[in-house]
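Colleague: I would like to learn how to read a sheet and its packing. Can you take me through one?

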Amino acid sequence: MTMMSETILKAVNVSKIYGKSKALDKVSLEIKRGMIYGLIGENGAGKSTFMRTVMGLITVDEGNIELFGETGIKGLQKGRRRMGQSIETPALYPDLTARENLRVQAANGGVSDREIDDLLQLMNLGHTGKKKAKNFSLGMRQRLAIASTLITNPEFLILDEPTNGLDPSGIVEMREIIHRLVTERGITVLLSSHLLDELSQVATHYAILHDGQLIRELSKEELARETRQYIELETTEVQKAVAVLDELGIKDYEVISGSKIHIYESLDDVSSINRSLVLANLKVSRIGTTRQKLEDYFLQLTGGTSDA
Ligand SMILES: Nc1ncnc2c1ncn2[C@@H]1O[C@H](COP(=O)(O)OP(=O)(O)OP(=O)(O)O)[C@@H](O)[C@H]1O
C-alpha cells in the first residue's frame, strides 16, 4: 500500500438527528493520507457536527466511522489518540507567553524545549518572546491553539473554521501554516469553512455540505476546472464543431453534452472562433465567455441564497 492511498478517515452514511432536524444526513466521505480536506457549508450545514462525531464528542445515530482502518468503540479510541483537533479549544493561559503555554500543555508528555521551539517556529510564533497570550491577536491565539494540539504529534488534524474572523493577511498566513503541516510534518488535515473562497488555495479536496447532506465531493483540479473561465459554445452540431476546433488547433476543450462545448483556451478569440464555425455552416445558438466566481459556484450547488 502506498502512503497516499492509506485511508485515514472513512465515514459511511453518518447521520445525526436533533429532534426533527437532521444535522447530518447519510454523510459518506473518505480522507486519505496527505490530503487537506475542506468541508464547505453555510452556518448550520453540519460541519461542526460532522467533526464532533469524528472526534467522538457526540455519538452518531446511524452509519459508521472508521479511523486508520479501525472501527468500533475500541478501534476508534485507538484511532483518536492519533488525532488532534481545534474544536474544543485548549485552555490558553492569558498571563503566560506562547512558550510557557506550550510547556504547560506538554507538562505530562515528555516534550523537549527543542520540540517546543520547533512548534513555535512552525506556527510563526517564534518571535513572540515575552508577549503574554492575552495580548495576542486572534490569528496568534489560533496558531497557539493549533501548536498546543501538535504537542501530541497527531497524524490527523481537525480544524474547525481555522480562518474564521481572520483578516486577509491572517488568512494567508494560516494557509501557509496548514501547507507546512502537510509538507513538513506529513499531517493529514480536515478543515472547515463557510466560504469556499477561503479554502480555495489550501485544500486538495472539497466536500460541499448543505442541510446535513454531502452534495458534492471534488478535488482541487475538478474545482479549478469547474470554476475556470471558458468559452461556452452551444450548437446542435457538436461533432462538426469539434472538427472545426481541431482544425483551429484548439485542444483544451470539453464536450459537455450533445449541444454544449466548453473551450478553456483562446478566450480572447471568441469572435474568430465564431466566424470559423459559421463559415463551416454550423448553427451557433450561443457563444461567449463565462466566469464563475467560487461563491457563485457554491450557491449554484446549494441552490439558493446563503447567509454566509
Ligand atoms: N446540540 C444540538 N442540539 C440541537 N441541534 C443542534 C445541536 N448541535 C447542532 N445542532 C443543529 O444541527 C445543525 C448543524 O449544526 P452545525 O453546528 O454542525 O453546523 P455548522 O455547519 O458547523 O455551522 P456553524 O458554522 O454555524 O457551526 C444546525 O441546524 C444546528 O442548529
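Modeller: Start with a definition: two strands pair if DSSP finds at least two bridges between them. Helices (H or I, at least four residues) and strands (E, at least two) are DSSP runs, numbered from the N terminus. This is a predicted model: local features need pLDDT of at least 70, side-chain atom pairs count only at pLDDT 80 or more, and totals for chains, interfaces and linings use all residues. Residue numbering starts from 1 along each chain as its sequence is written.

Colleague: What is the bridge partner of Ile-208 in S9?

Modeller: Strands of a sheet pair through backbone hydrogen bonds, either parallel or antiparallel. Here Ile-208 has Arg-216 of S9 as its bridge partner. Strand S8 (residues 205–210) pairs with S9 in the antiparallel sense, over six bridges.

Colleague: What is the strand order of the open sheet?

Modeller: The order is S5-S6-S7-S3-S8-S9, six strands with mixed pairing. Strand S5 (83–85) and strand S9 (213–219) are the edges, each pairing on one side only.

Colleague: Which strands does helix H6 touch?

Modeller: Two residues are in contact if their C-beta atoms, placed from the backbone, lie within 7 Å. For angles, axes are lines fitted to C-alpha atoms, for helices over the stretch in contact; values run from 0 to 180 degrees between N-to-C directions. Helix H6 (residues 168–185) packs on the sheet and touches strand S3 (36–40), strand S6 (156–159) and strand S7 (188–193). The direction of H6 makes about 160° with that of S7.

Colleague: And what does helix H11 touch?

Modeller: Helix H11 (residues 294–302) also packs on the sheet, touching S3, S8 and S9. The H11 direction makes about 50° with that of S8.
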